[in-house]
Each structure stands twice: as structure tokens, then as C-alpha cells.
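Here is a walk through a protein model, one chain at a time. Please keep the sequence and the 3D view open as you read.

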Amino acid sequence: MKAFASIGWAMLTPSQPDPPFFLAFKNGSLAAAHTHLDLNHVSVAVGDTMVVPDLGSRPYPADYFDAKKRYLYYEISTAGHNTVLVGGKGQVPGKPGKLKGPFEGERFTAFVGVADEAYEVKTPHARRHVVFVDRSYFVLLDEIETAEPAPVELRFHSYGAIAPRIQGGWTISEGKAGCDLIPASAGSNQGGWAGAVEAASGWTKPVNVLRLRSLVDGRRFLTATTIVPSTAAQ
Amino acid sequence: MKGVAVAQRVDGNLVRVDVGRDQLTWQCGADGCEFLGVRGR
């Protein structure tokens, strides 16, 4: 585990160097130079493969330096990251985020990314908990509270295949690397979620996006997603 | 962990997430949620 508190980044891995897998958690400030609108983004790698990647950046076009246009590029937008949309909208430039943690206890290390009031849609609470259990798997808990009822969407990108998993959820695979990504089954009072895999448009090369969308508009969502790297699933 | 099932439920102000034989628990209030820990079921 490594936290970079001043920039709001953390990396969770069972061992270093040459970790068998890791999850990188991004918070920080949306006022930083060259920032993307990516509070609470996660990237997951297994071996040398980014199975749930950050898309990175394209060669900068001239209008990248136009503040009104750069945020329209997919890889800069919130939708282009592995994080949360609220009311179909993303985060707003200039907003501060905060990374809390690490919190450590028996069998776990945890962080909380705070993106309160960072969305285009008024969202008093937008927090993602990342819990690393037994140095084996990760559980995300997204807590979203909006001023008015709105739908919520969790997004995860991959250059590999995203296939439904027999036990529920999805298996993301790219070459020999992969992970299972498993939304918690209902049982909560949030009206359920629907998942769909689509080809993302707007990026410079083909990439898939798994969209987990609430079936109802709500003012408060608490939803858990488990990520099991394939090496931990053996 | 292969084939693990994941379920979530809310018990009052507690959010419990079952991941296979593990149970993770958060306590949630007006100021948000706090992770309490993980234990075997």
C-alpha cells in the first residue's frame, strides 16, 4: 500500500516490487494543471496488463488548451474514467477532492475518496470507499447523495473482453490477465441496477465500457462492487 | 475467491456486504459512511 496524500492518489497491492496485481485510486484536485475530471477513478492491473485502465491522453490538439473545449474530450471527461456519473453528468473543473486514509485493521486496508459537491448535478455526498481485503480482493462502496432524485452510473473501461459471469457480474479479460467485477446483488432498497457493455465512443482506439446504471432515480445510493483479480481467484 | 457471490443489505444504519464467506460492514449516518471492518461469516 502506498498513499500520496498531497496529490490524493493511492496504490493498493499485495507486494512490492513487481506486484502480481494492483488497484490505483485517484482523487486530488480538479484545479490542478492538466487535470482530468476523474475524482474517485480506479485503475486495475494484473501482471503487466492494465485490465481496467486509465485511458491516458491523446497527442494534444491545439484546442486542448482551450478551457472550454478540452473537457469535451472523452479521456478528459468523467465519463471517460472508471468512476461515477450523477444524473448522467460528470464532475466540474476547479472542484477540490480529498483522499482519506489509509485506514488499517485486521484483514484490511481502506481509503475514502471524497468528491462532495464536485458534480454538475448538485451532489452533497459523492464518496467512494476502497477496501483491500486480505491483500486479495477489493470492495468499492459508492455513496451518492443528491439534492434532487437522479440516476447514478458506475463506469469501468477495458481494452479486453467484458463477459457476463455465471454467478453474476462480469469477467474482464485481456490476454492471460483479468479480473471479476461483481456488483452486489439487490437486497438494498435502491430499485436495482442494470449492466451493459458498450463500445465507448470518443476515444482514439477501440475500448469497451461496462455501464452499471441505477434503474430508478434516487436521492441516496449505497452500492458495493467487488473486484477480484484473476491471480487471487486461482 | 473463484465463483464468489456478492450480496448487499441495509440493516438500519449498517450496510453489510457479503463477499463469499466474508462480511464487510459500514455504519452510515447523515455525514456519510464509516467502514467498521471485515469478518468471516
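In chain B, 0% of the contacts between residues at least 6 apart in sequence join residues at least 24 apart. Two residues are in contact if their C-beta atoms, placed from the backbone, lie within 7 Å. This is a predicted model, in which local features need pLDDT of at least 70, side-chain atom pairs count only at pLDDT 80 or more, and totals for chains, interfaces and linings use all residues. Residues are numbered from 1 along each chain as its sequence is written, while chains are lettered from A and ligands numbered from 1 in the order in which they are written.

Start with the make-up of chain B. It has 0 helices and 4 strands, and along the sequence the pattern reads β-β-β-β. Helices (H or I, at least four residues) and strands (E, at least two) are DSSP runs, numbered from the N terminus. The C-alpha atoms of chain B fill a box of roughly 35 × 15 × 15 Å along the principal axes. Of its 41 residues, 32% count as buried. A residue is buried if 20 or more other C-beta atoms lie within 10 Å of its own, exposed if 12 or fewer, and partly exposed in between; the C-beta atoms are placed from the backbone.

Now look at the sheet. The 4 strands of chain B form an open sheet in the order β1-β2-β3-β4, with antiparallel pairing. Its edge strands are β1 (6-11) and β4 (32-40) of chain B, each pairing on one side only. From one strand to the next, the twist averages 20 degrees. The axes behind that angle are lines fitted to C-alpha atoms, for helices over the stretch in contact, and angles run from 0 to 180 degrees between N-to-C directions. Two strands pair if DSSP finds at least two bridges between them. Strands of a sheet pair through backbone hydrogen bonds, either parallel or antiparallel.

Take the pairs in turn. Strand β2 (residues 14-19) of chain B runs antiparallel to β3(B), joined by 6 bridges. Here B:V17 has B:L24 in β3(B) as its bridge partner. The hairpin of β2(B) and β3(B) has 2 residues between the strands, and B:G20 takes a positive phi near 60 degrees there.

Strand β3 (residues 22-29) of chain B is joined to β4(B) by 8 bridges, again antiparallel. These two strands, β3(B) and β4(B), form a hairpin with 2 residues between them. B:W26 stands opposite B:F35 in β4(B), and B:Q27 has B:E34 as its bridge partner. In a regular strand the side chains alternate between the two faces of the sheet.

Next comes the interface. In all, 30 residues of chain A are in contact with 22 residues of chain B. On the chain A side, β7 (98-105), β8 (108-114), β9 (125-133), β10 (137-150) and β17 (218-229) each supply at least two residues. β9(A) gives the most, with 5 residues. That side of chain A has 15 nonpolar, 11 polar and 4 charged residues. Ala, Val, Leu, Ile, Met, Phe, Trp, Tyr, Cys and Pro count as nonpolar, Asp, Glu, Lys and Arg as charged, and the others, Gly among them, as polar.

Finally, turn to A:T123, in the loop between β8 and β9 of chain A. Is A:T123 buried or exposed? It is buried, because 23 other C-beta atoms lie within 10 Å. Its C-alpha atom is separated by 4.2 Å from that of A:T146, 23 residues apart along the chain.
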